[in-house]
Amino acid sequence: MNYPNGLAFSEEIMKEVQDKFLYLNEDKFVGERLLFDNAGGSFRLKKIEEVFAELDAIPDCPERIHNMARYLQDVQKKGEDDIRTILNAGESGSIITSLTASQVMFQMVGTIVENTKGTNIVTSVLEHPSAFDAASYYAQKTGCELRVAQSNKTTGGVDSETVAALIDENTVLLSVMYASNITGAIYDMKEIIRQARAKKPDLYIVVDAVQHAPHGVIDLQETPVDAINFAPYKFFGYRGSGIGWVSERVAKLPHHKLPGNAPCVWELGSPAPAQYAAITTIVDYVCWLGGKYIESENRRELFVEGMTRIKLQERALLYRMLEGTKENPGLRHIKNVKVFLDYEDLTTRDLILAMGFENLGYTEAVREYEKRGVIVYDRLASSIYSKRMLESFDMDGAVRVSPLHCNSLEDIDKFLKVTKELAGL
């Protein structure tokens, strides 16, 4: 917070960071380009490819007693420990894995709603469909009322007071996301939890952290919720896995499990050690970055420092994108360009931005960007992934721009030059 406009990496650290990612400024099929669509995934660490290929090639079943099986068990255990490192979950609760974070969300929400008495479920209009539709599906299935907190058209997020106003003693579940995948607005999670539990102390709270996890620190000791999920593929890792964590009281609720396992076990079937190794590789990278700034033997401390530096770098990129330089104006200063839901306090923002052109449609702009080697994405009210959120802001669409911390200030400058060209078409 001491750097409201961010703090960019040094040139030395920037080079080291960029050397660790694949296809950062080029694609083997189309050549040089800028990928500013990381909200739909993310750049992948080179080390992830190496580790995953090595582990995935091992044919042994981890659920055996010979040496290789025990090695694979150790890999899984370390990956589980690193999921807890990311969330600061301690030793409590249970970990859930599935093919996608969306499947994990439906599993967590369904387990809570079907085993809790009450008459209503509270969520927000800005939720990703995986969370909003999970709440809606189980509300309909159990006969609960679905209460939807509306967005703040100034901040681009959802206010804690708006959420709390919908909660009462009969609320079964509160489901909210950590940050908007349209505007980048970060929810005030501490205040949401405080106000929600003031209304109902034993309220179950589920958080979708898929969008926010790669951009900031998550600390379940400070924000004690009952369930949370994230997706490794948006966190410099692999597609094909979704990660969740549930509190001890949720872990013990009736859920899909083998009867012979302990009540709190949520895993089903044989584990995939390579996916766990990918999690460890992600945490290794963030800790390496943290170690550039502090000395510590504590893995969580290094991880927090690394994520803090990622946050500061991304804030600096966002500020550069909005304000530009004397020679290269930012989006706020380019004629025919509009930044939607532009909010001055960048400490409340992840590195996601919604914009538009007065002289170009959203899809047309995306195609023109691509012709000039820049990949962005159009969010349209005609899409099930955008309609509800956009309409809450009285918008029919936007061009979503989402770089990552491994992008440089020079990358932002290139983007701004292309944007200025498009604005003059």
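Two strands are said to pair here if DSSP finds at least two bridges between them. By that criterion, in this predicted model, β7 and strand β8 (residues 204–208) are paired in the parallel sense over 5 bridges, and within this pairing Leu173 has Tyr204 of β8 as its bridge partner. Strand β5 (residues 120–124) also pairs with β7 in the parallel sense, here over 3 bridges, with Asn120 standing opposite Thr171 in β7. Since residues under 20% relative accessible area count as buried, and 7 of the 7 residues of β7 (residues 171–177) are buried, this strand is largely enclosed by the rest of the structure.

A further sheet has antiparallel pairing: it is an open sheet of 4 strands, in the order β11-β12-β15-β14. Its edges are formed by β11 (337–339) and β14 (377–380), and because each of these has a single partner strand, one side of each is left without a neighbour in the sheet. On average, and with direction ignored, neighbouring strands of this sheet are turned by 40° against each other.

Across β11, β12 and β15 (397–401) lies helix α13 (residues 409–423), which runs at about 30° to β12. In the contact itself, Ala316, Leu317, Arg320 and Met321 of α10 meet Leu409, Ile412, Asp413, Phe415 and Leu416 of α13; sorted by class, the contact has 7 nonpolar, no polar and 2 charged residues.

A last stop is Leu35, which is found in strand β3 (residues 34–35). Is Leu35 buried or exposed? Its relative accessibility is 16%, and therefore Leu35 counts as buried. The C-alpha atoms of Leu35 and Val374 are separated by 6.1 Å, although these residues are 339 residues apart along the chain. Leaving aside residues up to four places away in sequence, Leu35 touches Phe43, Ile375 and Asn407.

Note on methods: Residues are numbered from 1 along each chain as its sequence is written. This is a predicted model: local features need pLDDT of at least 70, side-chain atom pairs count only at pLDDT 80 or more; totals for chains, interfaces and linings use all residues. Side-chain values use heavy atoms; hydrogens and water are left out. Helices (H or I, at least four residues) and strands (E, at least two) are DSSP runs, numbered from the N terminus. Axes are lines fitted to C-alpha atoms, for helices over the stretch in contact, and angles run from 0 to 180 degrees between N-to-C directions. Contact means heavy atoms within 4.5 Å. Ala, Val, Leu, Ile, Met, Phe, Trp, Tyr, Cys and Pro count as nonpolar, Asp, Glu, Lys and Arg as charged, and the others, Gly among them, as polar. Buried means under 20% relative accessible area, exposed over 50%, partly exposed in between (1.4 Å probe, protein chains only).
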